[in-house]
Amino acid sequence: MAFRSNIYKTAAELKLMVEPGLITAAALDAVRAAIVPGITTLELDAIAEKIIRAAGAEPNFMLVPGYRHTICVSVNDEVVHGIPGPRIIQPGDLVSVDCGAQLAGWNGDSAFSVVVPDPSRPELVAERQRLSDVTEQSLWHGVAALATVKRLNHVGATIEQYIESQGDFGIIEDYTGHGIGRSMHEEPPVFNYQVREKGPEVKAGLTVAIEPMLTGGTIDTVTLADDWTVTTTDGTMAAHWEHSVAVHAGGIWVLTAVDGGAAALAPLGVVPVAIG
């Protein structure tokens with residue numbers, strides 16, 4: 001498969017992607033802090049929008065035709081693309097939040113999952129937390145791989161190998177990561193599992209959003225009648241983690257992490273380098 005040479009950004013363009021990444025991170029930090037029992041998913045959406053617009057950016061999810069919100073918030077068996085609304089967050093819920101910001105024509109995109117505390121059901125919370133933790137760590141293993149691999153397919157292979165080492169989890173195949181830059185979704189696709197195609201060369205200028213999605217059971221999904229919300233077909237829980245990452249002349253840098261991913265990458269032996 002051939003990829004356009006313009007999937008690679010110039011050094012100057014990479015610098016322009018730093019700020020929208022940080023704005024995205026700030027919006028998600030604010031939402032994470034607000035996730036408590038009793039809050040609605042629409043209230044979480046308003047928090048993210050306020051942060052993004054206060055920074056002079058715009059929610060890039062609103063630029064997707066037919067979508068009118070700042071975040072996607074998916075709860076329990078919802079995998080991705082959950083629409084904010086009147087749903088009230090409950091103790092024990094596994095909540096995944098996806099968000100992006102666009103500034104000066106450049107985009108950031110990131111997601112996290114969190115389990116709402118529920119002292120009355122510690123085993124349920126632990127099981128859901130385990131799913132989220134494995135998903136998050138698979139993301140970081142994929143990010144770390146970008147520092148050394150030659151072709152993008154090795155990122156997916158690394159993610160899959162880590163997940164398989166942790167137990168029996170379903171790796172969603174219907175949705176993948178993607179390139180990011182002038183548009184939130186660009187070439188190339190970033191798979192979360194081994195594929196035969198080598199994918200593009202991993203070299204300076206490559207910017208991708210890596211986003212594994214795992215379930216506690218099936219990998220089969222269905223889109224609900226709202227034409228957005230994707231759920232597991234067997235009702236098992238799902239988790240979703242994502243970061244936008246840049247490869248540059250000095251190394252790699254996680255655009256949607258305040259520290260460039262330093263804390264999470266340290267145990268994996270990778271030191272991110274700020275974009276100069």
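Aspartate 227 is exposed, with a relative accessible area of 62%. The model is predicted, and local features need pLDDT of at least 70, side-chain atom pairs pLDDT 80 or more, whereas totals for chains, interfaces and linings use all residues. Residues are numbered from 1 along each chain as its sequence is written, and side-chain values use heavy atoms, without hydrogens or water.

Aspartate 227 sits in the loop between β11 and β12. Strands (E, at least two residues) and helices (H or I, at least four) are DSSP runs numbered from the N terminus. The phi of aspartate 227 is positive, about 70 degrees, although the residue is not a glycine. Histidine 81 also has a positive phi, near 65 degrees, and is likewise a residue other than glycine. Histidine 81 belongs to the loop between β3 (78-80) and β4 (94-103). With 28% relative accessibility, histidine 81 is partly exposed. A further backbone feature concerns a proline. The peptide bond that joins glutamate 187 to proline 188 is cis, and its omega is near 5 degrees. Proline 188 is part of strand β8, which covers residues 186-190.

The loop that holds aspartate 227 also holds tryptophan 228. Tyrosine 67 is buried, at 6% relative accessible area. Tryptophan 228 is partly exposed, at 23%.

Helix packing was then considered. Axes are lines fitted to C-alpha atoms, for helices over the stretch in contact, with angles from 0 to 180 degrees between N-to-C directions. Helix α2 (residues 18-34) and helix α3 (residues 41-54) have axes that come within 9 Å and cross at roughly 150 degrees. The two helices are therefore roughly antiparallel. That class takes angles over 145 degrees; under 35 is roughly parallel, 65 to 115 roughly perpendicular, and the rest oblique. The α2 and α3 crossing is right-handed, meaning that the near helix is turned clockwise from the far one by less than a right angle. On the α2 side, the contact uses Ile23, Ala26, Ala27, Ala30, Val31 and Ala34. On the α3 side, Leu44, Ile47, Ala48, Ile51 and Ile52 take part. Contact means heavy atoms within 4.5 Å. Of the residues in this α2 and α3 contact, eleven are nonpolar, none polar and none charged. Nonpolar covers Ala, Val, Leu, Ile, Met, Phe, Trp, Tyr, Cys and Pro; charged covers Asp, Glu, Lys and Arg; the others, Gly among them, are polar.

Valine 31 lies in helix α2 and is buried at 0% relative accessibility. Leaving aside residues up to four places away in sequence, valine 31 touches Leu44, Ile47, Ala48, Val97 and Phe112. Valine 31 is 173 residues from alanine 204 in sequence, and their C-alpha atoms are 32 Å apart.

Helix α4 (residues 122-145) and helix α5 (residues 153-166) form another contact. Their axes come within 8 Å and cross at roughly 145 degrees. This crossing of α4 and α5 is right-handed. From α4 come Arg130, Val134, Gln137, Ser138, His141, Gly142 and Ala145. From α5 come Val155, Thr158, Ile159, Tyr162, Ile163 and Gln166. The residues of the α4 and α5 contact comprise six nonpolar, six polar and one charged.

Two further residues were located. Methionine 213 lies in strand β10 (residues 213-215) and is buried at 3% relative accessible area. Beyond four places in sequence, methionine 213 touches Val79, Val80, Gly170, Ile171, Ile172, Tyr175, Asn192, Ala239 and His240. The C-alpha atoms of methionine 213 and leucine 131 are 9.9 Å apart, with 82 residues of separation along the chain. Valine 195, in the loop between β8 and β9 (207-210), is buried at 12%. Its C-alpha atom is 26 Å from that of glycine 108, and valine 195 and glycine 108 are 87 residues apart along the chain.

Terms used: Buried means under 20% relative accessible area, exposed over 50%, partly exposed in between (1.4 Å probe, protein chains only).
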